[in-house]
Amino acid sequence: MAVSENIRLQVQHIAPPRIYGTTVSGDSRYAEITDRRYLHDVEALHEGDTVMLLEATCIEDEESRAPIFHARRLIVNPDYLIDISSLSACFTESGAHPMRYLIGMLSPKETTSPILLGNTANQFLDDSVNDNPERPASYGSSIRKAFTNDALKFAICPDINAGFFQEARNQYEHIRTSVEALHHRYPAGESGGAMLEPSFICPALGIQGRLDYLQSNLRCLVELKSGKADEYYSTPQGPKASHTAQMMLYREMLHINTGIPREEITGLLLYSRYPKFFTGERFPHIVDEALVLRNAIIRLMRDLAIEPDLSLIHISEPTRRYAIS
């Protein structure tokens, strides 16, 4: 059985779906991208671009009898690291488009009660995970820490009222019980414990991100969401597309960085509003959709660097709807 590898390549010639280039060590490589979702990425390459060929296996070309690498994924200019949260925010109910990334970069940052509730929920998660007899966690101590960390934002937020603190108390109780259930269902093994907000970069995928919760054995990660899931009559039916993309990209990044098989890594979305856990196991395709979108963002940023007038830039990627429910 052929062994797959990830290859960093500097592009010298393009003949879609094939690419010719050289590795870091100067070796020549001839590669073909087998997943057609990445075909447009091949067509848009320029000589001198750097790419990552993922899961590439060397076989003999039937026509030339020369060795050729078949790669399933293509990452364009991987040194430009896209933040996973910003990338996943491009997924909405109406579709996904690289221009949403640019809009997110240029939009002013607002202070709203949902944002503050999300920050507060992260504090609740920290205190629930670190709870011990010597430092028992409580809603009172956690909400005071949250207020201390964001005192100015709480002071200027126009829609903070008694209802905010009632919802915060409910979410605190939900997070406490969810953490207990999580530790019971997914024990960390001999390593024990967990890491809160660990940061990772993944040069192979051209992304970076900070997880909410990761067990020390690297087998279970949780992304916490204090807002709504996709609902039907206030009942959660499934995760939102942007949230699923975010959690699945974290899981893929962990797999690439550590070499742990995907099936051994559990990725969970915790909606503390209900509370409710969701996985992304039914939607593995969303990782490739997100990576294709990442490549489109890289092209957009490159075109903007060359031609800053948006009216002169042709955006070839259509708005796409990603059905994950």
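Guide: In this predicted model, 3 strands make up an open sheet whose order is 7-12-11, with mixed pairing. The edges are taken by strand 7 (82-83) and strand 11 (199-202); each has a single partner strand, so one side of each is left without a neighbour in the sheet. Strand 11 is joined to strand 12 (residues 207-210) by 4 bridges in the antiparallel sense. Within that pairing, Phe-200 has Gly-209 of strand 12 as its bridge partner.

The loop between strand 10 (194-196) and strand 11 contains Glu-197. Most residues other than glycine have a negative phi. Glu-197, however, has a positive phi of about 55 degrees. Its relative accessibility is 31%, and Glu-197 therefore counts as partly exposed, the limits of that class being 20% and 50%.

Glu-55 likewise calls for mention: its phi is near 55 degrees, a positive value in a residue other than glycine. Glu-55 belongs to strand 4 and is partly exposed, at a relative accessible area of 26%.

Met-52 is placed opposite Ile-75 of strand 6. In a regular strand, side chains alternate between the two faces of the sheet. In strand 6 (residues 73-76), Arg-73 and Ile-75 point one way, while Leu-74 and Val-76 point the other way; all are buried.

Two loops carry cis peptide bonds. The bond from Pro-16 to Pro-17 is cis, with omega near 5 degrees, and Pro-17 lies in the loop between strand 1 (5-15) and strand 2 (18-22). The bond from Tyr-274 to Pro-275 is also cis, with omega near -5 degrees; Pro-275 is situated in the loop between strand 17 (266-271) and strand 18 (276-278).

Of the 325 residues, 47% count as buried. Among contacts between residues at least 6 apart in sequence, 70% join residues at least 24 apart.

Note on methods
Residues numbered from 1 in each chain as written. Predicted model: local features only at pLDDT ≥ 70, side-chain atom pairs only at ≥ 80, totals over all residues. Heavy atoms only, no water. Buried < 20%, exposed > 50% of the residue type's maximum accessible area, 1.4 Å probe, protein only. Contact = heavy atoms within 4.5 Å. Pairing = 2+ DSSP bridges.
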